[in-house]
Amino acid sequence: MRLTIIGTGYVGIVSAACFSEFGHVVTCVDIDANRIAEYNAGHVPIFEPGLGDLINRNVKGDRLSFTTDLAEGVKDAEAVFIAVGTPSRRGDGHADLSYVFAAVRDLAKLVPEGCVIVNKSTVPVGTASEVEAILAEVVPGKTVHVVSNPEFLREGSAIEDFLRPDRVVVGVSSESARKVMAEIYRPLFLRETPILFTDCRTAEVIKYAANAFLSVKIAFINEIADLCETVGADVKGVAKGIGMDRRIGNKFLNPGPGYGGSCFPKDTLALLRTAEQANAKLRIVQATVDANDDRKKEMARRVIAACGGSVEGKTIGILGLTFKPNTDDMRDAPSLVVIPELQKAGAKVRAYDPEGRPAAEKMLPDVEFVSNAYQAVEDAAAVVLLTEWNEFRALNLDRVRGLLRNPLFIDLRNVYEPEDMARAGFHYISIGRSP
Ligand code: NAD
Ligand code: UGA
């Protein structure tokens, strides 16, 4: 099939590369000319494991191409996927749909009759109806089907998640659109991936409810971790013990410095705005958002307390800046709260991240960025592990201890075990476990 993807960020480029891997012929369109030039030059402007090879293979096979020319990009498309950003709107925090609506207005006249416009961006309930209204206004009488196909991939494991999802959700309002979507995802059907066909409104709510539920799970285990610390229990054992109950499940029970990223924070906020507009109560999601915001600041307070109540003039070495490992994405990363709080308290911050530095340099002023973990800890009053990159799981602990001014290791991701760290001579502080 001939498909077009509008927007080549994390979701757009991964979808495009994977659809071309299925055998479809995919054209990517972006308004960012630099981005398109990079793809055309064989560079991948984002860091996502395995993505470069997948793109190269499909570009060589003539199944994947890139352009800024929308008319050229959509002229033969059987389906056009919209994968543009839907960030938090300034002011009220609802989803900013201006990129989605602008894309729809731009492509309405250009798509062939009978084309399917698929919304892959995360959008509030009712957006498919709004897109239909725009189409009726711009191209009255033209047959264009609108579909809602939310995406559930995670950054860092995006290709695996796209090629082997737990399910695909497709909201449709016509039989012909359903047939087109079934054909697009046929390779996954063949692998017995469940595909849930539903209406657009239900598909739109599924996406927000899934992200909100996962956020609740994380905020919950973070609060249980705090309880464990005060009552002398071990949150890792608690997570294991509750996760063995299949009704609870063992995923998303890792406590940490609070969830971040380009999705959970903005999507929980947008869902709250939707609920307000609908006069519905979402108290659990509100409590989750509040707890998560507090938690990031609380992490800085913990570091300060561990440093004897003051970090004034002290150097703090930070390991990991991105919101999670295996991505270069800094959007809403806990580091963006923890580091400024430490700086406000007078700390000098030295930081290392394997992939996040280019973005972090623009977002974190007055931080000394270095090129490896050992440089980050040199002569520091404490080391704070903020993102659990694999390379931080096997540090040379003797070397780290020797470089630190004080042997204080604050592990906000529970990468190490308290007994091992005590044996290695550290004063070790982690999450939800007694020191
Ligand atoms: P992103 O910010 O990384 O990329 C968006 C891209 O769209 C940019 O390259 C931008 O230049 C381009 N764009 C904007 N307007 C355009 C237009 N009119 N025509 C062509 N290109 C245009 O975004 P992302 O992280 O890929 O997220 C996209 C959507 O997918 C969001 O709604 C997000 O919530 C959702 N989502 C993201 C993830 C994730 O892991 N990042 C996962 C699931 C769903
Ligand atoms: C998340 C969802 O997992 C995806 O299903 C969804 O498609 C995506 O949002 C989206 O809508 O964009 P992502 O943000 O890439 O994916 O990454 P996650 O692995 O979910 O992590 C999000 C945050 O939660 C990170 O800060 C991570 O450190 C934190 N987290 C996650 C925990 O603190 N504990 C956990 O057990 C899991």
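1. UniProt positions are given in the numbering used here, feature names are shortened, and annotations may be inferred rather than shown by experiment. This is a predicted model, in which local features need pLDDT of at least 70 and side-chain atom pairs count only at pLDDT 80 or more, while totals for chains, interfaces and linings use all residues. Residues are numbered from 1 along each chain as its sequence is written, with chains lettered from A and ligands numbered from 1 in the order in which they are written.

2. An unreviewed UniProt entry puts "binding site" at Phe152, Leu153, Arg154, Glu155, Lys207, Phe252, Leu253, Asn254, Pro255, Gly256, Gly260 and Lys324. These positions span 173 residues of sequence and are spread in space too, up to 23.6 Å between C-alpha atoms.

3. Arg154 is partly exposed because it has 16 C-beta neighbours inside 10 Å, and Glu155 is buried because it has 25. The cut-offs: 20 or more other C-beta atoms within 10 Å is buried, 12 or fewer is exposed, in between is partly exposed, with C-beta atoms placed from the backbone.

4. Beyond four places in sequence, Glu155 is in contact with Tyr10, Glu48, Lys324, Thr327 and Asp329; contact means C-beta atoms, placed from the backbone, within 7 Å.

5. The same record type, again unreviewed, assigns "domain: UDP-glucose/GDP-mannose dehydrogenase C-terminal" to residues 317-418. That span is 29% helix and 19% strand, and its end C-alpha atoms lie 20 Å apart.

Technical notes: Two residues are in contact if their C-beta atoms, placed from the backbone, lie within 7 Å. Helices (H or I, at least four residues) and strands (E, at least two) are DSSP runs, numbered from the N terminus.
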